[in-house]
Amino acid sequence: SFPTRRSSDLLDLGLVSHQAHDPRLFARQFMTDDLIAIVPSNHRWANKKRIRPQEFLGETFIVAAQGAGIRAVVEERLKEKGIVLTKVVDFGNVEGVKRAVEAGLGVSIQPQSVVQREIAAGSLAGVSLAGLDARLGRFYICRRDKHISNAAKAFLALLQTQARKLA
């Protein structure tokens with residue numbers, strides 16, 4: 001996991017989609033995103049306003065690799081609603097997930113910021129989630145016992161400026 005690699009001093013900071021629960025790490029939220037369902041533009045849900053978690057049960061669900069932050073958050077939120085998906089296909093990373101959904105191989109739940117380009121281009125359709133906590137915090141993390149470099153500080157300032165533009 002990222003915190004394990006982070007703890008070995010290999011990285012100055014990291015960007016994650018969930019709060020770090022390691023006491024050695026400092027985490028600060030820099031933006032909030034919304035999870036949305038993504039479907040191929042010709043899918044029967046493409047023109048729906050909202051989708052309920054139960055509707056995913058009959059669909060092939062496309063996910064990133066086991067251990068990916070977004071996958072863990074989505075699985076946890078669905079589980080809170082009693083939904084355990086059985087038709088799950090792993091496509092390695094978010095780009096693979098987007099391409100698989102575009103190709104009509106299934107549906108997924110992803111952060112809106114990650115799929116906004118494909119939705120604008122019309123290769124994917126985004127559908128709001130009803131009855132599911134769709135808010136997603138984005139955090140930067142760093143070690144509590146390590147000085148943050150000037151380059152990392154500059155990157156964080158740029159990140160926060162860009163996050164405000166997206167809000």
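Let's start with a definition: buried means under 20% relative accessible area, exposed means over 50%, and partly exposed is in between, with a 1.4 Å probe and protein chains only.

A quick word on what we are looking at, everyone. This is a predicted model, where local features need pLDDT of at least 70, side-chain atom pairs count only at pLDDT 80 or more, and totals for chains, interfaces and linings use all residues. Residues are numbered from 1 along each chain as its sequence is written, and side-chain values use heavy atoms, with hydrogens and water left out.

Let me stay with R99 and its partners. A salt bridge here is a side-chain nitrogen of Lys or Arg within 4 Å of a carboxyl oxygen of Asp or Glu, and the structure holds 14 of them. In one of these, the side chain of R99 meets that of E118, at 3.0 Å from N to O. R99 sits in helix α3 and E118 in helix α4 (residues 112-121), so this pair ties together parts that are 19 residues apart in sequence. Helices, by the way, are DSSP runs of H or I with at least four residues, strands are runs of E with at least two, and both are numbered from the N terminus. Is E118 buried or exposed? E118 counts as buried, because its relative accessibility is 7%.

Within helix α3 (residues 94-102), E95 and K98 lie three residues apart, about one turn of the helix. These two form a salt bridge as well, with the closest N and O atoms 3.0 Å apart. K98 is buried, with a relative accessible area of 4%, while E95 is partly exposed at 38%. Put together, E95, K98, R99, E102 and E118 are linked in a network of salt bridges.

Next, please turn to D133 and R77. Their side chains meet in a salt bridge too, at 3.9 Å from N to O. This pair links distant parts of the chain, 56 residues apart: D133 is in the loop between β7 (124-129) and β8 (135-143), and R77 is in helix α2 (residues 69-80). R77 is buried, with a relative accessible area of 14%, whereas D133 counts as partly exposed at 43%.

On to the rings. A pair of aromatic rings is described by the distance of the centres and the angle of the planes. Rings of Phe, Tyr and Trp (its six-membered ring) pair if their centres lie within 6.5 Å; planes under 30 degrees apart count as stacked, over 60 as edge-to-face and the rest as tilted.

How many aromatic pairs does the structure hold? There are three. For F26 and Y140, the centres are 6.4 Å apart and the planes are at 55°, so that pair is tilted. Y140 is buried at 6% relative accessible area, and F26 is partly exposed at 26%.

F56 and F61 form an edge-to-face pair, 5.6 Å centre to centre with 85° between the planes. F56 counts as buried at 0% relative accessibility, and F61 is buried at 3%. W45, F56 and F61 form one aromatic cluster.

Last stop: I36, in strand β2 (residues 25-40). I36 counts as buried, because its relative accessibility is 9%. Leaving aside neighbours within four places in sequence, I36 is in contact (heavy atoms within 4.5 Å) with residues including I109, V115, I119, V127 and L129. Thanks, all!
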